[in-house]
Amino acid sequence: SARSPVTSSMIGQRAPVSAPPKPNAGWRPCSRAKNGRRHAVSERQLPDFVERDVDLTTRTTLALPGRAALYAEIRDARQLAMLAGDNARRRFVLGAGSNLVLTGDFDGLLLRMAIRGRELVGDDENAWYVRAGAGENWHQLVLWTLAQGCPGLENLALIPGTVGAAPIQNIGAYGLEVAERFQSLEAVDLATGQTLRLDHAACRFAYRDSVFKQEGWHLNGQRVITRVTFRLPKAWQPLTGYGELAAEADRQQIRQPHPQAVPNAHFRPNLRSNPGPTPRQVADAVIAVRRRKLPDPAALPNAGSFFHNPQVSAALAERLASAHPGLPRYPQADGRVKLAAGWLVEHSGWKGRDLGRVGMYEKQALVLVNRGGASGAEVGALARAVQTDVRERFGVELTPEPVFL
Ligand code: NAP
């Protein structure tokens with residue numbers, strides 16, 4: 001694979017940590033910066049919205065145990081400016097906690113993004129522009145844009161997480177990536193307190209990747225996304241050609257036939273009168289597919305897909321396909337071939353199999369589930385066991401998608 005291999009020892013690796021706060025350290029509200037200058041925040045000057053020793057178990061969808069030494073609910077970007085400059089302290093930015101493995105207590109400052117707000121900020125001849133706060137729930141934003149009559153995000157319905165997290169890993173599903181609907185974002189640089197605007201090019205989007213991951217800001221919380229603006233083209237086309245979504249659309253009889261697939265379609269009134277699916281129907285089909293396969297974290301804690309879909313060289317994909325007939329292969333523009341991580345996990349014998357109190361889900365082998373009371377260490381052990389078996393059977397390295405904290 002052209003991808004750098006991830007060894008089992010990298011899982012659960014922890015960044016260097018700063019000293020935990022002293023139990024009786026004095027706390028008082030930070031005075032607001034005057035004349036636009038920011039004060040460095042010291043231990044004694046943390047703003048009064050910062051809480052201490054907060055339980056995180058219910059704040060991540062895998063429901064693993066862990067506490068944050070310092071915790072702040074961020075409802076307004078100005079709170080971030082008040083925290084800027086404190087560069088010695090370890091930081092981490094949390095959204096909905098749906099892509100996170102807690103490996104224990106976190107001794108730094110955890111910032112939970114709760115900035116709200118959704119608005120249609122304008123339109124032009126070609127597109128509508130919608131802006132949303134980083135703490136908005138992603139799926140609710142998708143439904144809201146549809147209700148506003150601004151389609152374009154429907155293939156991304158029911159992806160767990162927040163609006164602010166969406167550009168970080170360039171979320172995507174069923175043939176659409178958020179990068180294709182992205183206009184710009186606002187972020188605060190916590191090293192300097194500056195507000196930044198990043199346009200499409202500055203975000204350096206790639207498959208499940210962006211500048212936030214490339215620069216490590218998703219791990220060190222240096223740049224915190226506060227608002228995202230989406231560009232939703234007015235020339236809307238349903239995207240229902242993708243694998244299971246196509247099958248679901250056929251089942252619901254909402255898929256528009258491709259004109260070339262239907263000879264003399266213009267002579268067939270039943271096909272001519274088929275207007276194709278509405279955006280809401282596409283969203284409902286996506287929701288139906290996802291509900292069938294993916295466990296609800298409220299009922300069975302999980303962090304969605306646990307491994308990235310690997311991209312390997314064409315030569316390796318060819319060799320694997322001759323040894324393993326049925327291996328799904330998706331050639332990429334750069335000549336590499338994308339493999340389905342879920343298929344590799346399933347065909348390594350892990351679908352529906354447990355290790356301790358965690359397991360790989362019976363309806364979708366790519367989803368690691370907490371059967372109840374599991375620890376981060378158990379998650380790491382299962383992830384390593386699956387990686388080892390996939391490596392031994394297929395010679396392919398799987399990389400975990402969630403962040404280990
Ligand atoms: P799936 O539909 O079973 O697909 C598995 C793999 O096959 C993925 O790599 C997918 O590519 C690829 N694939 C399927 N049909 C394809 C086609 N017609 N052309 C090219 N590639 C095709 O995947 P799943 O695990 O059940 O997840 C459903 C969808 O949600 C997928 O699109 C998946 O990528 C997405 N998802 C995204 C995230 C995220 O954004 N973090 C997390 C979980 C799942 P793609 O990866 O390019 O779709």
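The legends below describe close-up views of a predicted model.

View 1. Q169 places a polar side-chain atom 2.8 Å from a nitrogen atom of the ligand. E401 also has a polar side-chain atom 2.8 Å from a ligand nitrogen atom. How much of the ligand does the protein bury? Taken alone, the ligand exposes 800 Å², and the protein buries 81% of that.

**View 2. The aromatic pair F92 and F106.** The model has seven aromatic pairs, counted by ring centres within 6.5 Å. F92 and F106 form one of them, with centres 6.5 Å apart and planes at 65 degrees. Planes over 60 degrees apart count as edge-to-face, so this pair is edge-to-face. F92 lies in strand β3 (residues 91-94) and F106 in strand β5 (residues 106-113). The pair therefore ties together parts that are 14 residues apart in sequence. F92 is buried at a relative accessible area of 5%. F106 is buried too, at 1% relative accessibility.

View 3. The ring centres of F306 and F404 are 6.3 Å apart. Their planes stand at 85 degrees, so this pair is also edge-to-face. Here the pair links distant parts of the chain, 98 residues apart. F306 sits in the loop between β13 (302-305) and β14 (311-312). F404 sits in strand β20 (residues 403-404). Both F306 and F404 are buried. With F307, the two residues form one aromatic cluster.

View 4. N302 is in strand β13. Is N302 buried or exposed? N302 counts as buried, because its relative accessibility is 5% and the limit is 20%. Its side chain reaches two backbone atoms. One is the backbone oxygen of P295, at 3.0 Å. The other is the backbone nitrogen of G304, at 2.8 Å.

View 5. Helix α10 (residues 376-394) has 19 residues. From its first C-alpha to its last, α10 reaches 27 Å. That is close to the 27 Å expected at 1.5 Å a residue. Which residues of α10 are buried? They are G376, E378, V379, G380, L382, A383, V386, Q387, V390 and F394. An α-helix has 3.6 residues a turn, so residues three or four places apart point the same way. Among the buried residues are L382, V386 and V390. G395 follows α10 and has a positive phi, near 70 degrees.

View 6. D53 has a positive phi, near 50 degrees, and is a residue other than glycine. D53 lies in strand β1 (residues 50-55). At 46% relative accessibility, D53 counts as partly exposed. In space, D53 is 9.0 Å from D107, C-alpha to C-alpha. In sequence, D53 and D107 are 54 residues apart. Y174 is not a glycine either, yet its phi is positive at about 50 degrees. Y174 is found in the loop between β8 and β9 (176-177). Y174 is buried, with a relative accessible area of 15%.

Notes. Residues are numbered from 1 along each chain as its sequence is written. This is a predicted model: local features need pLDDT of at least 70, side-chain atom pairs count only at pLDDT 80 or more; totals for chains, interfaces and linings use all residues. Side-chain values use heavy atoms; hydrogens and water are left out. Helices (H or I, at least four residues) and strands (E, at least two) are DSSP runs, numbered from the N terminus. The expected span of a helix is 1.5 Å times one less than its number of residues. Buried means under 20% relative accessible area, exposed over 50%, partly exposed in between (1.4 Å probe, protein chains only). A polar contact is a pair of N or O atoms within 3.5 Å; within protein, one must be able to donate a hydrogen and the other to accept it, and residues adjacent in sequence count only if both atoms are side-chain atoms. Accessible areas come from the Shrake-Rupley method with a 1.4 Å probe; for residues, only the protein chains shown count as cover. Rings of Phe, Tyr and Trp (its six-membered ring) pair if their centres lie within 6.5 Å; planes under 30 degrees apart count as stacked, over 60 as edge-to-face and the rest as tilted.
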